[in-house]
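Please look over the charged side chains with me. The points below are numbered so that each can be checked in turn.

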Amino acid sequence: MNPIYSPRKRRVPRKKRFWIMLLVLSGAGGAFFFYYLLWDLPGPDRITERSVAESTKIYDRTGEILLYEIHGEERRTVLPLKEIPPYIKQAAIIAEDANFYRHHGIDWRGIARAFLKNIARGDFYYQGGSTITQQLVKNSILTGERTYTRKIKEILLAVLIEQKYSKDEILEWYLNQIPYGTNAYGIEAAAQTYFAKKAADVTLAEAAVLAALPKAPTYYSPFGSRRNELMQRKDWILERLREAGFVSDKEAERAKKELLAFVPPQKNILAPHFVLMVREYINQKYGEEFVERGGLKVITTLDWRLQEEAEKTIREGAERNEKLVGGYNASLVAIDPKTGEVLSLVGSRDYWADPLPEGCHPGIDCKFDPNVNVALRLRQPGSAFKPFVYATAFKKGYTPETTLFDVPTEFNPLCNPDGTPGPLVKEEKDCYHPQDYDGKFRGPVTLRQSLAQSLNVPSVKLLYLAGVKDSMQTARELGISTLVDESRYGLSLVLGGAEVTLLEMTSAFGVFAQEGILHPASFVIRVENSQGVLLEEKGAASLPVLDTEVARTINDLLSDNDSRVPIFNPRSSLYFPGRPVAAKTGTTQDFRDAWVVGYTPSLVAGVWVGNSDNSAMDKSSLSIMVAGPLWHNFLESALSRTPPEEFTRPSERPPENPFLRGLYRSGEIIKIDKISKKRATPYTPENLLEEMSFGAVSSILAHVRKEDPQGGPPSKPTDDPQFNNWEEGIRRWLAQNPLPDLRPPTAFDDIHLPEKRPRITLLQPAAELAQTIVLDSIIFTSAGPFPLREISVFIDDELMGSKTAPFLSNIISFSLSPVPPKGVRRIKIIAYDSVGNQQTVERELLVTGN
């Protein structure tokens, strides 16, 4: 054979070999994976067996007080499918698996929809879209762990079960085994637990409620804070039943309007509103089935001593307020601002009490709805929102001394300055001219006075200057998550026009307490499984969200009791003798909500008072009257075991623009002595200098550009849409309340001259002595034109003692203890008189013994 034409072996191309090998390996890997899954896959017959569950226990922060045991004994009564009313079965199928009778265990369209929805929200674990058969597998055969392998096993078992059992058998098992919350398993136990009746006797509306629960029993619990969401889901199920032709239009509408009466839960939970929050959190993280069966040990942040005091305070305070102003409900949150840990939380007057007034319908017309956790409910904060606006203004350069006019002002530029509609405004309600609760106007006030006294007109002006958008952003940075749609809010935002929760407000005020650091609110310290293995532990989370000096300025203003006095009593419920406490009140203008939120560096507490049905209370000035005493009583008890703490004072950083420093008159600006009211001299002490202007009175818009307050003045103030109304408001007020016609002083300060300072003459040790054996006392005389106010003695710059007026003699002595040691010692005496003059005397002395 010619070797040229001999046949050769054909070789497979390298690229093709690669794909063949990859295909073989993938097939082998897939086969091994499914073999691994099937190796320990339970048989479908397990569907008729019951697994043993371990109860999860929730404790206080010490791990000693058991707050709640999840699971306990399951309440279950098995019913044959034929004894379950049709609308219960229809409602369950409509709510959980509309294609139940059409699929073979898996609804691939539902899985795809759920998967895409989860990806859109960043959750890459497949959840949702489960059929009734899958849910039955999950609750009866498998554990509640959230893994892909468990999910695949669930799908495989669902297919196997559908091949072995009929749809009616599967539905019967589902309705008898699915958890409905509150330890009720199965439809009969659920009907008894929530409505105290047999499943056969529940109404269409009640059946829709029961069908709504399995999706998230804790979240939708009628005994929790989301009863409104439960009712919305109930109505959605009724609408689906109507669309499917199971009920008529008339039946659906009647069921939607039916007033539901839930049976009160058993008293087996301590700190119930707090515990339900914790349970919802661990349910979301670990899965409800795993929590109910997994035997977890949950250590929470709750301080049981504070919780008992908080519950007592809220219960007794609400009973008092009911009689005083018709305020039936109250809520309290206390947080450690250094960690964000929730120490106590009372969601209502009494979780276990009956709704009030007697015979009311919870969720509709009850002034006190016991199971609703008000700490998580959206309510308007009134003036308690103001610190976020003031903080925003301070960030931009405004100061506590910046002066605004508290005068009648119309804030809608399209309305006339007197508050009547302009040519482009049809109705008076479209104009906006707020006032304070007492109807008074106070003329020029500093921002310190405005915030401390909670004045409305200057605060609205400040919001305009600081900006609504920027003020909302400040609140969001401090942890207020409910301010979403900026277009909804205008200048009423500063008076509490937004909606917030008590929990977030209390946490946000903790940022001020921690000088700008946010420690997000938390309520779980650690979670262990039944073998003691740590599943999670709270770490230290802190976020710098506010300038330190701005936070210190807010603390300084909110703790300034003297600045509150024109509005509040000197010894009001906001005042704690000998202990600095910062606080802010809030009352909505229609008297539906009353707030106090206040803090020390180590504890922040917020109190809300009002009615569950959002009805108004009877009095104005409510916050200090009805929320204040509750807040004070709790804080007084909570702080009784701790020493007083001081807030760090803000540093003095006066801005260049004098109108941010407090001036409000045009014309010449001079410095004067605060005491003599004469022109300052180089000898006038810095702390006694005061700037004054002596020209015409005008609004701050004439001198400050809103867009750049620390820059130069506006070139054309009238371009600002608020300018004319602000100016006219000032002019009208001055016409009835003229300010003194100030003229610049011509004389100069003559009380702070060198010869007017105190004169100190050292008597012991005598001036002629260069040394002494022992330095155990210092004696000197003081003289001068003004009385002595204070005198201090230092040895080597260490303070040895101080004395303050009144002084009974001009001869003053100090005993030194301990006696200074041998060596050259430096004596310094500093004296201050009643007008602020200061004199310092120093000398050195050799001490030879001790």
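**Notes on the salt bridges**

1. Aspartate 235 and lysine 234 join their side chains in a salt bridge, at 3.0 Å from N to O. A salt bridge here is a side-chain nitrogen of Lys or Arg within 4 Å of a carboxyl oxygen of Asp or Glu. Lysine 234 is buried, at 2% relative accessible area, whereas aspartate 235 is partly exposed, at 26%. (Buried is under 20% relative accessible area, exposed over 50%, and partly exposed in between, with a 1.4 Å probe and protein chains only.)

2. This is a predicted model, in which local features need pLDDT of at least 70, side-chain atom pairs count only at pLDDT 80 or more, and totals for chains, interfaces and linings use all residues. Residues are numbered from 1 along each chain as its sequence is written, and side-chain values use heavy atoms, leaving out hydrogens and water.

3. Glutamate 239 pairs with arginine 242 in a salt bridge, with 2.4 Å between the closest N and O atoms. Both sit in helix H9 (residues 227-243), three residues apart, so about one helical turn separates them. Helices (H or I, at least four residues) and strands (E, at least two) are DSSP runs, numbered from the N terminus. Glutamate 239 is partly exposed at 21%, and arginine 242 is partly exposed at 27%.

4. Glu239 and Arg242 also belong to a network of salt bridges with Asp249, Glu253 and Lys256.

5. How many salt bridges does a search of the whole structure find? The search finds 46.
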